[in-house]
Amino acid sequence: MTLLSTRGLNVSIGRKSVLKNVSFDIEPGEIVAVTGESGSGKSMTALSVMDLLPEGAQTVGEILLNGADLRKQSEAQMCETRGQSIGMVFQEPMTALNPVKTIGDQVSETIYLHRPGVDAEAVTARTLSRVGLPPDRFPLTRYPHELSGGQRQRVVIAMAIACGPRLLIADEPTTALDVTTQAQILDLLKRLTHEDGMGLLMITHDLAVVADMADRILVMRDGEIVEHGETQDLLRNMQHPYTKMLFHASMHQAKLPTIDPETDTETPLLSVNQACRDYRLPRSSLFARAKQFRAVDDVSFDIKRGERVGLVGESGCGKSTLTRAILGLEKVQSGQIQLDGAPVFAGRRPNLAVRRKMQVVFQDPYGSFNPRHRVERLICEPFHLLSDAPTGNKRDELIAETLEAVGLSPEDAQKYPHQFSGGQRQRIAIARALIIRPELVIFDEAVSALDVSVRARILDLIAGLCRAYDLTYLFISHDLNVVRSITDRVMVMAAGKIVESGPTAQVFDNPYHLYTKSLVAASPMLPALES
Amino acid sequence: MSRNLILGLFLSTIVVIAAGLSFVWTPFDHASMNIPDKLQSPNAVNLLGTDQFGRDILSALMVGARTSIAVAFVAVGIGIGLGVPLGLWAASRKGGWIDEIIMRANDLIFAFPSLVIAILITAIFGASAVNAIIAIGIFNIPVFARVTRGSALSIWEREFILAARVAGKGSARISFEHILPNVANVLIVQATIQFSLGILAEAALSYVGLGAQPPTPSWGRMLADAQTLVSIAPHMALVPGCAIILTVMGLNLLGDGLRDWLDPRLNEART
């Protein structure tokens with residue numbers, strides 16, 4: 001018997017239609033992945049099954065769980081269903097757990113609610129062991145902050161499966177996790193689904209994860225299912241142009257131009273020499289000496305003119321600290337960082353002569369602009385570094401030229417950042433970095449927050465700008481596929497140290513360091529497709 | 001716009017119009033005595049009645065609004081003028097010794113009961129509207145410094161600040177160019193609330209005779225004058241009392257309404 005089936009599900013919020021005629025089935029023990037780009041309605045599908053849609057949402061259609069229509073249930077019956085028959089795993093394990101309650105309490109809470117009379121503590125211990133947190137190593141009295149991100153996500157999964165639900169909904173369950181942790185959590189979800197014969201409705205934007213996990217795939221766009229089918233069939237035989245575009249964009253390889261042989265590749269542009277950066281940890285007791293945490297540990301490397309270098313590593317490995325040190329925003333405790341022979345950090349008053357040779361593009365396309373300034377003013381911010389900043393007509397011409405170089409139109413100069421989409425904002429960020437023609441650009445996770453199709457276009461833009469401006473850049477990312485497509489040389493960072501570096505293809509195809517090997521093995525890969 | 005905001009705007013506007021109008025016109029001269037008509041209840045000639053010297057209460061109320069507004073306005077101005085830069089400065093040196101000094105000095109001022117210090121200041125330098133302004137203003141400084149620092153700290157963590165630092169801008173420039181416009185809505189709301197507290201404080205000081213001195217009318221002193229006559233002429237106490245209540249309520253509603261209206265999260269939901 002079909003576990004979950006939706007028939008002609010239509011959801012609208014206000015006048016906006018967010019789901020259009022969505023129909024799909026999930027059989028027991030089956031993993032169904034819903035994929036698509038942001039705004040495609042994949043999360044809305046999950047929320048409508050749980051009847052947790054935002055206020056004011058209008059739903060039409062049938063949602064049948066084991067043949068019973070959930071839409072005809074009262075709120076009290078729905079509360080019974082949630083947790084007992086349907087479990088849900090959220091994206092961000094940090095916010096899905098209550099920070100002031102122990103993990104044992106949080107897992108047993110659902111058991112008390114839905115299965116009165118059973119020994120909640122024993123069930124909790126058993127459930128936590130099943131998700132890989134055996135109580136002898138992880139006592140039930142632990143608090144969420146004492147666990148790592150992956151362990152927290154295991155607790156969230158334990159909460160979801162504690163009552164043995166028939167259906168598990170996972171909304172981007174691994175998006176906030178590192179690749180090695182992601183692989184473990186995906187394995188766990190797969191194992192639990194098979195052991196319990198649950199149906200798993202998995203929502204994810206990551207096609208490599210989908211290809212690896214799902215039995216069936218639903219591809220959504222603008223609230224509609226554009227294509228669905230068995231994973232292998234669908235991958236082999238894609239029909240809808242949107243599906244094809246999505247898969248090709250995920251595997252997109254930007255064409256980097258070869259380095260101009262004329263450029264001087266002997267003297268390093270950026271040279272980092274035995275840099276160390278410590279942070280002081282809070283004192284463990286009043287009179288104890290505060291311990292130091294070494295975020296960047298004896299890091300040395302050079303970037304030569306014209307080189308496109310990648311830096312990969314998982315969260316907490318010291319990438320961001322190193323970036324700030326290179327930008328001269330923070331001081332290193334020992335070692336030197338020099339740009340073109342001059343130190344990047346010059347005390348409180350920034351050294352403008354060094355700063356003007358270096359610009360940065362940040363990850364968050366929403367947070368990296370002052371929302372109250374117009375684009376014109378935003379992208380001219382680095383002019384502050386120039387002693388002879390262009391004014392009047394010359395300034396306007398330069399703004400227009402730079403906006404055109406990043407694929408926007410000169411009229412956009414008068415708009416505010418909220419009038420642009422995420423990809424367009426990232427273009428503005430690149431325009432801001434390029435307007436003073438820096439010698440080195442640092443891309444700090446610059447495409448991580450973007451949808452795959454937008455990401456492919458931004459990568460092409462960067463490759464195109466390489467051709468036009470002979471860019472030298474340091475591209476920092478956790479995504480090996482992106483780094484592979486956009487860099488010549490890559491460095492792998494773990495626990496504050498650079499553990500491996502070399503030509504990108506060589507490092508990723510034949511890693512020699514154990515950590516690099518595990519990283520490469522854990523990154524989900526799309527199977528090769530015939531085009 | 002919410003109902004609160006409209007009601008608050010309405011009440012505040014009435015007070016401001018009454019104060020403004022009093023410069024060019026009042027029903028009677030607020031200081032001219034007319035003993036035969038003393039202690040009149042509200043009637044067609046004296047709309048809100050007369051006091052024990054036969055002076056028109058409505059006229060005194062309108063001129064008194066001027067005093068209240070002037071004192072509260074300048075006091076809030078002192079708070080913003082000194083408190084906001086101090087808060088921005090502290091936030092830009094987060095964790096440093098300047099931050100510590102500014103914030104501990106704030107705590108020190110907070111530790112004193114404000115009205116008692118206001119009495120101390122007026123007792124030393126004499127009772128006048130100017131001294132009342134200074135006394136109330138000093139206690140506005142830490143309020144604004146703290147609110148500014150708190151909101152500024154979260155803005156300092158945003159990426160566009162990092163971008164500005166990469167562009168070589170110093171912390172003073174970033175504070176005024178990027179931080180201040182982004183904390184302005186919080187400050188506007190705080191200013192309306194401090195404004196209403198300023199009006200209350202001025203009324204309290206005048207009530208104990210330490211605020212504006214005769215013949216300048218003031219709502220607080222009108223209440224004090226009415227105290228002994230409350231059994232024979234209750235309107236003398238009710239009229240200024242209600243004026244204070246409605247003004248303060250209006251400003252608080254305005255502050256609340258503005259907070260909701262300026263909240264960027266709600267703004268996004270609207271557009």
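**A tour from strand β16 of chain A**

Begin at A:Gln359, which stands opposite A:Val441 of β17(A). The model is predicted, and local features need pLDDT of at least 70, side-chain atom pairs count only at pLDDT 80 or more, while totals for chains, interfaces and linings use all residues. Residues are numbered from 1 along each chain as its sequence is written, and chains are lettered from A and ligands numbered from 1 in the order in which they are written.

Now select residues 358-361 and 440-444 of chain A, strands β16 and β17: they run parallel and are joined by four bridges. Strands (E, at least two residues) and helices (H or I, at least four) are DSSP runs, numbered from the N terminus. Two strands pair if DSSP finds at least two bridges between them.

Is β16(A) covered on one face or on both? Both faces are covered: A:Met358 and A:Val360 are buried on one side, A:Gln359 and A:Val361 on the other. A residue is buried if 20 or more other C-beta atoms lie within 10 Å of its own, exposed if 12 or fewer, and partly exposed in between, with C-beta atoms placed from the backbone.

Cross to chain B and select 159-166, helix α6. Seven of its eight residues are buried, so α6(B) is largely enclosed by the rest of the structure. The buried residues include B:Phe160, B:Leu162 and B:Arg165. Show β16 and α15 (422-434) of chain A with α5 (129-156) and α7 of chain B, which are among the elements covering them. B:Gly168, with a positive phi near 80 degrees, follows the helix.

Next, colour the interface. Here 15 residues of chain B are in contact with 20 of chain A; contact means C-beta atoms, placed from the backbone, within 7 Å. On the chain B side, α6 and α7 (171-207) are the elements that give two or more residues, and α6(B) provides the largest share, seven residues. That side divides into seven nonpolar, four polar and four charged residues. Ala, Val, Leu, Ile, Met, Phe, Trp, Tyr, Cys and Pro count as nonpolar, Asp, Glu, Lys and Arg as charged, and the others, Gly among them, as polar.

Move to A:Leu167 and A:Met202. These two touch the most other members of the largest nonpolar core, which has 217 residues. Such a core is a set of buried Ala, Val, Leu, Ile, Met, Phe, Trp, Tyr and Cys residues joined through C-beta atoms within 7 Å. Helix α2 of chain B (57-92) gives the largest share of this core, 19 residues. Not counting residues up to four places away in sequence, A:Met202 touches A:Ile31, A:Val32, A:Ala33, A:Ala170, A:Met213 and A:Ala214.

Go next to the antiparallel open sheet of chain A, whose four strands are ordered β2-β1-β4-β5. β2 (16-26) and β5 (68-69) stand at its edges with a single partner strand each, so one side of each has no neighbour in the sheet. Between β1 (4-13) and β4 (57-65) of chain A there are eight bridges; A:Gln58 in β4(A) is the bridge partner of A:Ser12. Select 42-50 of chain A to see helix α1, which packs on the sheet and touches β1, β2 and β4 of chain A.

Finally, zoom out to chain A. What does this chain contain? There are 19 helices and 20 strands. Its C-alpha trace spans about 75 × 60 × 45 Å along the principal axes, and 43% of its 531 residues count as buried.

Methods
Two residues are in contact if their C-beta atoms, placed from the backbone, lie within 7 Å. Axes are lines fitted to C-alpha atoms, for helices over the stretch in contact, and angles run from 0 to 180 degrees between N-to-C directions.
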